[in-house]
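Have the sequence and the 3D view open as you read.

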Amino acid sequence: MRRDRLTHKIVCLFALLLLLPACTSAGNGSSRSQPGRDAAQAPPGSGALTHLERLATPTPTVLIPSQQTTPTPTPQASSAGRARATTPVSASAPYGPPPPLTSLEQYLTQKLFAQINSDRAAQGLYPYTWNATLAAGARLHSWNMYHCGFSHTCPDGLPQCTRIANEGFSFTDCGENIGLAGPSNPAWTNVYQVQESMANEPATGWHHIHLFSTTLHQVGIGVYVDPSGWVWFTEDFIS
């Protein structure tokens, strides 16, 4: 009887040793499994987009940088029906100048400008004045970000106010907001969501401070819609 019990224990121990590697492997496989982790893909060149400015919920699919001023953003259209964009003097353009402004990009630019001043009017604030030179620098920054990542300091590490000053401006105050919105139909849906997420920040948030400033007076907005439908936009402000 004692021999049978010993034999039974040896058989059980041998069986356990055989099963142990399989249990460990199955455990590791289970821990690595994260269904849906790759459901949302960031666009090329975006880097790790965890900032509030990149929040977007496309419809219907779910995903998440001499002064000339003009009253409204109305770029001149070419004979091909596309507006021409200029590159600011002394601007850093390692990827070349941005392509001509499309009708969609012009539309989104105008919508953003109107939305900013509408939000300011609701707070009893004066409207920002459009600055075409500032807008050209902002669009170049959006184009650069598409290539080198979602950042105020892309592509050469310069702070945004230094970059804006290098475009030929002198000012007592400046600021910049950047946004990235996923594809949606209509395209304004997600751009609006990102814009209002900045406007609805607490009063101490830098996006909110720039949008509702009483020391800034001029704005230039630059929009670039990439081939995948992602909307990169830059809002530059100066006093």
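Which cysteine does a disulfide join to Cys148? The partner is Cys154, with the two sulfurs 1.5 Å apart, S to S.

## What you're looking at

This is a predicted model, so local features need pLDDT of at least 70 and side-chain atom pairs count only at pLDDT 80 or more, while totals for chains, interfaces and linings use all residues. Residues are numbered from 1 along each chain as its sequence is written, and side-chain values use heavy atoms, with hydrogens and water left out.

The protein has six helices and four strands; these are DSSP runs, with helices being H or I of at least four residues and strands E of at least two, numbered from the N terminus. Along the sequence the order reads α-α-β-α-α-β-α-α-β-β. Of the 239 residues, 40% count as buried, where buried means under 20% relative accessible area, exposed means over 50%, and partly exposed is in between (1.4 Å probe, protein chains only). The exposed surface comes to about 12800 Å², and carbon and sulfur atoms supply 59% of it. Those areas come from the Shrake-Rupley method with a 1.4 Å probe, and for residues only the protein chains shown count as cover.

## The disulfides

A search of the whole structure turns up two disulfides, a disulfide being a pair of cysteine sulfur atoms within 2.5 Å. Back to the pair from the opening question: Cys148 is partly exposed at 31% relative accessibility, whereas Cys154 is buried at 5%.

The other disulfide joins Cys161 to Cys174, with an S to S distance of 1.6 Å. This pair links distant parts of the chain, with Cys161 in helix α4 (residues 160–166) and Cys174 in strand β2, 13 residues apart. Number the bonded cysteines in sequence order and the pairing reads 1-2, 3-4.

## The sheet

The four strands make an open sheet in the order β1-β3-β4-β2, with mixed pairing. β1 (129–130) and β2 stand at the edges with a single partner strand each, so one side of each has no neighbour in the sheet. For the pairing itself, two strands pair if DSSP finds at least two bridges between them.

How many bridges join β3 to β4? There are eight, and strand β3 (residues 218–225) runs antiparallel to β4. Val223 sits opposite Phe233 in β4. In the hairpin of β3 and β4, five residues lie between the strands, and Gly229 takes a positive phi near 95 degrees. On the β2 side, strand β2 (residues 174–181) also pairs with β4 in the antiparallel sense over eight bridges. There, Cys174 has Ile238 of β4 as its bridge partner, and Glu176 stands opposite Asp236 in β4.

## β4, covered on both faces

Is strand β4 (residues 231–238) mostly covered or mostly open? Mostly covered: eight of its eight residues are buried. In a regular strand the side chains alternate between the two faces of the sheet. In β4, Val231, Phe233, Glu235 and Phe237 lie on one side, Trp232, Thr234, Asp236 and Ile238 on the other, and all are buried.

## The cores

The largest nonpolar core has 24 residues, and those with the most contacts inside it are Leu108, Val191, Ile221, Val223, Val231 and Phe233. A nonpolar core here is a set of buried Ala, Val, Leu, Ile, Met, Phe, Trp, Tyr and Cys residues joined through side-chain atoms within 4.5 Å. The elements giving two or more residues to this core are α2 (103–122), α5 (188–199), β3 and β4, and α5 gives the most, with five. Leaving aside residues up to four places away in sequence, Val231 touches Leu108, Gly179, Leu180, Ala181, Val191, Val223, Tyr224 and Val225, where contact means heavy atoms within 4.5 Å.

Helix α2 lies across β1, β3 and β4, running at about 145 degrees to β3. Leu140, in helix α3 (residues 132–148), is buried at 3% relative accessibility.

Conventions: Axes fitted to C-alpha atoms, helices over the stretch in contact; angles between N-to-C directions.
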